[in-house]
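Colleague: Hi! I'm new to this one, could you walk me through it?

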Amino acid sequence: MKLNYKIQGDNQPILLMHGLFGSLDNLNMLAKDLSSHYQTIQVDLRNHGQSPWSNVMNYEVMAEDVAELCHDLQLQNIILIGHSIGGKVAMQLSQLIPVSKICVIDIAPVKYTQTANAPVLNALEKCINQQLTDKKQIIELMHDLSAPTISFLLKSFKHQHWLFNAQVIIDQYDNICDWHTISPCNVPTLFIRGGNSNYITDKDYPAIFSQFPNAQIEIVEGAGHNVHAEKTQQVLQLLHTNIKSFI
């Protein structure tokens with residue numbers, strides 16, 4: 001699958017992958033800064049943004065999509081940065097192509113329960129069933145969700161339709177929550193954990209270190225799951241420090 005992407009800057013390539021319901025623009029605050037020193041490649045994962053849609057959605061195929069892009073762009077000595085499901089894609093990608101460094105933002109290499117996004121999935125299913133194309137109606141229907149969540153989702157509502165493939169995400173959500181343990185990857189890997197988030201907990205540390213023996217875990221206090229948006233400067237400082245230490 002040929003993914004949509006955006007390139008800025010030059011020098012060593014950094015590939016950035018967004019989270020669920022997002023698009024390549026979600027990591028703009030990181031790419032804008034990093035592109036002063038590196039070549040940044042922001043990617044729309046399948047069924048998101050301007051990338052193609054497919055009825056199949058799991059980490060194996062999503063990683064294959066990104067591996068194809070890396071091959072097409074002839075990228076070498078790649079640094080991977082991924083938030084949420086983008087972080088899982090980055091981890092899976094380490095099994096397919098050589099990478100020099102991985103930065104995983106607020107996700108662990110474990111299987112998650114389906115409860116976290118259940119209200120969002122239920123709201124999206126109602127939007128689909130009612131064939132809503134008006135933003136005001138969508139906002140009214142999603143009144144039980146938090147204002148930041150609604151605002152985030154609506155970033156991907158353009159020209160009266162969702163940019164992400166809502167129906168397939170709902171149908172494939174078991175695969176999105178799932179994780180198949182990978183072979184140990186010795187690439188230096190930074191895990192950035194939001195202090196107020198439950199996506200990485202202490203009980204996940206054994207799974208992290210068994211699959212990524214050369215892992216480092218940093219906690220950003222006062223941040224939730226979208227730690228890169230809530231505490232951008234702290235995340236950038238961690239990225240710059242850790243990337244430079246392994247170049």
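This is a predicted model: local features need pLDDT of at least 70, side-chain atom pairs count only at pLDDT 80 or more; totals for chains, interfaces and linings use all residues.

Colleague: How much space lies in the largest pocket?

Modeller: About 1,100 Å³. A pocket is an open set of points on a 1 Å grid over the protein atoms alone, where a 1.4 Å probe fits, with protein on both sides within 12 Å along at least five of seven lines; lining residues have an atom within 4 Å of a point. The volume is the space filled by probe spheres set on the points, which are joined across faces, edges and corners.

Colleague: Which residues lie nearest its centre?

Modeller: L20, H83, F152, H225 and N226, out of 46 lining residues.

Colleague: And which helix gives the largest share of that lining?

Modeller: α6, with five residues. Helices here are DSSP runs of H or I with at least four residues, strands are E runs of at least two, and both are numbered from the N terminus.

Colleague: What about the second largest pocket, what is its volume?

Modeller: About 180 Å³. Its lining has 13 residues, with C127, I128, L132, H161 and W162 nearest the centre. α4, β7 (161-162) and α7 (166-171) each supply at least two of the lining residues.

Colleague: New topic: is S94 buried or exposed?

Modeller: S94 counts as buried because its relative accessibility is 14%; the cut-offs are under 20% relative accessible area for buried, over 50% for exposed and partly exposed in between, using a 1.4 Å probe and protein chains only. S94 sits in the loop between α3 and β5 (101-105).

Colleague: What is S94 in contact with?

Modeller: Leaving aside neighbours within four places in sequence, I102, I182, C185 and F212. Contact means heavy atoms within 4.5 Å.

Colleague: Why does C103 count as buried?

Modeller: Because C103 has 0% relative accessibility. C177 is buried too, with a relative accessible area of 5%.

Conventions: Residues are numbered from 1 along each chain as its sequence is written. Side-chain values use heavy atoms; hydrogens and water are left out.
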